[in-house]
Every structure is written in structure tokens, then in C-alpha cells.
Amino acid sequence: YYKNAQFKMYEDLGVFFLTPDVAVHKYHFEYSGVLDDDGKLLPPTKALRAWVWAKKSGKWLLKMQLSR
């Protein structure tokens, strides 16, 4: 389904800190090249993605990714 898919960020909404050690990065993106169950190419789709980051021992770690 996603073997030849391409993802492109087109609007960065920014990084928002929930606490000094937890941040959310939100952006809009578009993906294309996705196939349906019958192998037909689906139209390009736009979506919102959010990454949740947590700082542990001085390093930022990706904890969760949400898309809709």
C-alpha cells in the first residue's frame, strides 16, 4: 500500500511545550503514491500530524505520533 508513497510537509505549525520536558510538534503534510486494496492509485491526501516528544537524560525521544 505504502511501498512507493511519498510524504511532504507543507505547513509547519510549530513546537508547543506542555512542560519543559514534553513537547508537541504539529504540521500539515500530504502523501501520494498510496495504493488501495485492488492496487489502484489513490488520490493525494492532506492530513495533520503531531509528534509527542519527551526529554529523558538530556535526550529528546519520540514517544507518540498521531495523524488525522
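The largest nonpolar core has six residues: Ala5, Tyr27, Phe29, Tyr31, Val34 and Ala47. Strand β2 gives the most to this core, with three residues. Note that this is a predicted model.

**The sheet**

Four strands form an open sheet in the order β1-β2-β3-β4, with antiparallel pairing. Strands β1 and β4 (59-67) stand at the edges, and each has a single partner strand, so one side of each is left without a neighbour in the sheet. On average, neighbouring strands here are turned by 25 degrees against each other, direction ignored. Strand β2 and strand β3 (residues 45-56) run antiparallel and are joined by ten bridges. Glu30 stands opposite Lys46 in β3.

**Aromatic residues**

How many aromatic pairs does the structure hold? There are nine aromatic pairs. One of them joins Phe7 and Tyr31; this pair is tilted, with 5.8 Å centre to centre and 35 degrees between the planes. Phe7 is partly exposed, at a relative accessible area of 46%.

Both residues also belong to one aromatic cluster, formed by Tyr2, Phe7, Tyr27, Phe29, Tyr31, Trp51 and Trp53. Leaving aside neighbours within four places in sequence, Tyr31 is in contact with Tyr2, Gln6, Phe7, Pro44, Thr45 and Ala47. Of these, Ala47 is also listed with Tyr31 in the largest nonpolar core.

**Charges over rings**

| Charged residue | Ring | Distance to ring centre |
|---|---|---|
| Lys46 | Tyr10 | 5.0 Å |
| Arg49 | Phe29 | 4.2 Å |

Lys46 is the residue that Glu30 stands opposite. Phe29 is also a member of the aromatic cluster and of the largest nonpolar core.

**A loop residue with positive phi**

Is Ser57 buried or exposed? Ser57 is exposed, with a relative accessible area of 80%. Its place is in the loop between β3 and β4. The phi of Ser57 is near 55 degrees, a positive value in a residue other than glycine. Most residues other than glycine have a negative phi.

How values were computed: Residues numbered from 1 in each chain as written. Predicted model: local features only at pLDDT ≥ 70, side-chain atom pairs only at ≥ 80, totals over all residues. Heavy atoms only, no water. Phe/Tyr/Trp six-rings, centres within 6.5 Å; stacked < 30°, edge-to-face > 60°. Buried < 20%, exposed > 50% of the residue type's maximum accessible area, 1.4 Å probe, protein only. Lys NZ or Arg CZ within 6 Å of the ring centre and 35° of its normal. Pairing = 2+ DSSP bridges. Helix = DSSP H or I, 4+ residues; strand = E, 2+ residues; numbered from the N terminus. Axes fitted to C-alpha atoms, helices over the stretch in contact; angles between N-to-C directions. Core = buried A, V, L, I, M, F, W, Y, C linked by side-chain atoms within 4.5 Å. Contact = heavy atoms within 4.5 Å.
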